[in-house]
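Have your viewer open as we go.

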Amino acid sequence: MTFERGIAEDEAASPYAGFSVCHYTSDSPERVSEARRRLAEKLGIGADRLVIPRQTHSTEVRVIDSLPVGAEQLEGVDALVTRMPGVALCISTADCVPVVAADGRGVIAVAHAGWRGMAGGIVEKTIEAMVGLGSRREEIVVACGPHISAEAFEVGEEVAERFEEDGAVVRIEGAARPHVSLYEAMRRRAMRAGVREYNILPLDRGFCSFSTPGVYFSARRLGIASGRTPTVVFTREANKGQE
């Protein structure tokens, strides 16, 4: 479940306009609190059952096995895994890839995968954490939400080199520098971690965070002092009702 901004205000005047539950990009605490209240209400749970980490482009994966979760346990965390029903795992993105996974047995996960985290193995580490909770690799289904497209994601040669093995480097005619498909990198890395290719959901072509102002936040377009698009995975009841 990805929450779009749903607003078309002037971004230059209001880079935080829209729906964001992210608490560390200088957004108004009141706005963030209200967004979290609305999110919890939509899910039918208390706001204390929203687990929202303080992401730092790390490869740190946190397994959530009890509540409450202290802020110190979520500092520097970029992926969450649980088998607890009624707990909403949330990450926030603004061009990076929000990766969601579920196994049909009650284990769910969500990861924030920018190029640093992707290159560092956060997708593989998230799958491993799921396996540690009892998931079977061949049953894990993976999908991703809106993020920057390969056409918009221009990088330096030193970054591109880290994705050559994934077949994720895109050379665009006339472009001075290479581009990278973070989706393709995610797909290849999930398969290397044991996820079946047919269990990786195809990409929605209307997803590009950079190219859809007023719909998704984009740090490349707005700067890092802006809102973030939340992505949530949540199980209503044990072993069923995954969203």
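Start with a side chain reaching for the backbone: a polar atom in the side chain of Thr82 sits 3.0 Å from the backbone nitrogen of Met84. Keep in mind that this is a predicted model, so that distance is computed from predicted coordinates. Thr82 itself belongs to strand E3, which covers residues 79–82. Is Thr82 buried or exposed? Its relative accessible area comes out at 0%, and the cut-off for buried is under 20%, so Thr82 counts as buried.

Which residues of H1 are buried? They are Val32, Ala35, Leu39, Ala40 and Leu43. Look down the axis of H1 and these buried residues fall within an arc of 135°, so they line one face of the helix. Just after the helix comes Gly44, with a positive phi of about 80°.

Searching the whole structure for cavities of 30 Å³ or more turns up 1. The largest cavity has a volume of about 60 Å³. Strand E5 (97–102), strand E6 (108–113) and helix H3 (122–132) are the elements that each give two or more residues to its lining. Among the lining residues are Val99, Val110, Thr126, Ile127 and Val142. How does that lining divide by residue type, and how many are charged? There are 9 nonpolar residues, 1 polar and no charged.

The largest pocket holds about 500 Å³ of space. Its lining takes in 23 residues, and those nearest the centre are His57, Cys96, Ala219, Ile224 and Arg228. Strand E4 (88–93), helix H2 (115–120) and helix H6 (219–222) are the elements that give two or more residues to this lining. By type, the pocket lining splits into 10 nonpolar, 8 polar and 5 charged residues.

Conventions: Residues numbered from 1 in each chain as written. Predicted model: local features only at pLDDT ≥ 70, side-chain atom pairs only at ≥ 80, totals over all residues. Heavy atoms only, no water. 1 Å grid on protein atoms, 1.4 Å probe; cavity = no way out; pocket = protein on both sides within 12 Å on 5 of 7 lines; lining within 4 Å. Points joined across faces, edges and corners; volume = space filled by probe spheres on them. Helix = DSSP H or I, 4+ residues; strand = E, 2+ residues; numbered from the N terminus. Nonpolar A, V, L, I, M, F, W, Y, C, P; charged D, E, K, R; others polar. Buried < 20%, exposed > 50% of the residue type's maximum accessible area, 1.4 Å probe, protein only. Arc of directions from axis to C-beta. Polar contact = N/O pair within 3.5 Å; in protein donor to acceptor, adjacent residues only side chain to side chain.
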